[in-house]
Amino acid sequence: MDYEKTAEILFPDVRETPEYYEERYPARILPQGARVTRLGPSPTGFVHLGNLYVAFANERLAHQSGGVFFLRIEDTDDKREVPGAAEAVIEALDHYGVRFDEGVTLAGESGAYGPYRQSLRGDIYRCFAKRLVASGRAYPCFLTGAELDAVRAEQEAGKLTPGLYGRWAAHRALSFEEVRRRVAAGEPHVIRLRAQDDAGAHFTVEDGIRGALSLPQNSMDIVLLKTNGMPTYHLAHVVDDHLMRTTHVIRGEEWLSSLPVHIELFQALGLDPPVYCHTAVLMKQEGETRRKLSKRKDPESSLAYYRAEGYHPRAVREYLLTILNSNFEEWRAENPEADADAFAFTTDKMSRSGILFDADKLNDVSKEVLLGIPAAELAAFLADWAEETGRPEAASLKGDMRYLARILDIGRHDANPRKDLAYGAQILAFIGYFYDETVRAEDAWPENVPRADVPRLLGGYLEGYRHGDDRTAWFERIRALAEANGYAAKPKDFKKNPGLYKGHVGDVSAVIRIALMGRKNSPDLWEIQQILGEARTRARIAAAATRA
RNA sequence: GGCCCUAUGGUCAAGCGGUUAAGACACUGCCCUUUCACGGCAGUAACCCGGGUUCGAGUCCCGGUAGGGUCACCA
């Protein structure tokens, strides 16, 4: 009885009942087996790689089953909120192709289960909190920060488990009169869960990724409603995921330890919990040990990093998919052309142990993905990226998109296409020699070529140069040039009789290559010249000849 | 420290009581080749430890160990 009276003085303004909300947000009408999933980021402005990992899993699960995937902004912590961050999150996810069926949008929100910003759902949380108090499963706690600190200090001194439980939960048993007095006096308070307090008892839950889990029953009187009336994650999650009719909650492993709290809350409210799926954590190698990819320490933990480096969104998605489902790579090998959405994603193929982020693998996957993107599209992507990130090369790139596309297309149509391109920053460094502003003399003339030969070779090359030559005719001229200057026309001849020659045709090519682009390594020379054009080719050779 | 999760090559991992313990990335060598890349071939490299159960254990059980996560009026 007193519980109900307590609830009434605590929440005099709450007129609705949970039953009202049950009716207002009825069970969804969906096909058999359809899954309803969500993403619940807190709007701090930072989107972690792990957020995207989890987002893909949720998205796939919902859309593969004909279900619903929605976005809920978990902005219950006013101290952490960054203005405009929700929009930034939506934009960042959209960049990687993560689309929501309902929830918060750039324009506001859509869907029948809103509002989807937790800061707008205060009445709902208070209504459920009131029910909890009325049924004796929650109570007001007036302990001050100083008093809480004292409890903690005492627990630490006695090496006891920290937290409010048992005798430490001093306000558990406050009388109705006492509560009324304190409320009337305007004493600030929180609403705490009255834990079942069945010390040591364990229960089992079936996790969608991990299988049967044995967990200790919750014993902590955790905060449900903060002093400012906002809910904590625990209450908000339980109320929202029930009312929004979420069927599967895929979230990071870091939530595993609070699962007992969530289960207890569902039980206290007489509700069925969703299927929980706790994913592995993304790790980073640091010296001898590995640890969670850290927002503070590791730039590569941020989605913004991949964008800044110029990774194509499809590449990041493809990489994440390979670590998300162990059989994705195999599937991809068999279906190289297929849309990744055609892959049958399952939670039981998800990793249970921490995954070390592997940049090598990302780059390899990325090269493969970029190979599948038409040159013109790739050129547009690269130029836009350069512009967005303020790269000085942006103007040159945008200045001649056809030129750029031809550059990016080098060697991509052979039986065994080149795989040179991984991500924006790397590509710019790779193709820099195509632009007069960025060519640099990176490599010295070949050591085995006498210095005096360089101008002679280049002069001879320039003289005989015919831009219209096909690849074969062009190389025949180089062979002739090599021979005329004492170099073997074929490497094999040189190998047979090294004493007869200064070097071989490869050395002559090296000189031309260095003259043309300042480096000794590059894709096919003839093709590069065709792209550079006759004027630029001749100018560069001539300039190098005089410089030498 | 308590509790929980996890444990196959350097990395991601297949494996579901009997396998010469897959594959991919990375690495090494060879071949192809005017350089680089691509490609081809070959190779180095793994079941955390100890007990059980079993004819037989990477696989099941127990105990260690190690790594990770978590113990907020943050999510």
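Analyst: Happy to. Let's start with a helix pair: D2, K5, T6, I9 and L10 of α1 meet F176, V179, R180 and V183 of α7. "Meet" here is a contact, with C-beta atoms placed from the backbone and lying within 7 Å of each other. Helices are DSSP runs of H or I with at least four residues, strands are runs of E with at least two, and both are numbered from the N terminus.

User: Is this predicted or experimental, and what rules apply?

Analyst: It's a predicted model, where local features need pLDDT of at least 70 and side-chain atom pairs count only at pLDDT 80 or more, while totals for chains, interfaces and linings use all residues. Residues are numbered from 1 along each chain as its sequence is written, and chains are lettered from A and ligands numbered from 1 in the order in which they are written.

User: Back to α1 and α7: at what angle do they pack?

Analyst: About 5 degrees, with the axes of α1 (residues 2-10) and α7 (residues 176-184) 10 Å apart. The axes are lines fitted to C-alpha atoms over the stretch in contact, and angles run from 0 to 180 degrees between N-to-C directions. The two helices are therefore roughly parallel; that label covers angles under 35 degrees, with over 145 roughly antiparallel, 65 to 115 roughly perpendicular and the rest oblique.

User: What is the mean pLDDT of chain A?

Analyst: It is 93, and 99% of the residues reach 70 or more. pLDDT is the predictor's confidence in each residue, from 0 to 100. The model also scores ipTM 0.93 and pTM 0.92.

User: And how many helices and strands are in chain A?

Analyst: Chain A has 23 helices and 16 strands. Its radius of gyration is 33 Å, well over the 24 Å from the globule rule for 548 residues, so the chain is more spread out than a compact globule. That radius is taken over C-alpha atoms, and the rule is 2.2 Å times the number of residues to the power 0.38. Along its principal axes, the C-alpha trace spans about 110 × 55 × 40 Å.

User: Which domains does the assignment give for chain A?

Analyst: Domain 1 is 2-15 + 122-279, domain 2 is 286-371, domain 3 is 375-434 and domain 4 is 453-547. Those bounds come from an automatic or database domain assignment. The C-alpha centres of domains 1 and 3 lie 55 Å apart.

User: New topic: is A85 exposed, partly exposed or buried?

Analyst: A85 is partly exposed, with 19 other C-beta atoms within 10 Å. Buried needs 20 or more other C-beta atoms within 10 Å, exposed means 12 or fewer, and partly exposed is in between, with C-beta atoms placed from the backbone. A85 sits in helix α4 (residues 85-95), and leaving aside residues up to four places away in sequence, A85 touches P43, T44 and G45.

User: Where is K159?

Analyst: In the loop between α6 (145-157) and α7. K159 counts as exposed, with 6 C-beta neighbours inside 10 Å, while R245 counts as partly exposed, with 16.

Key:
Contact = placed C-beta atoms within 7 Å.
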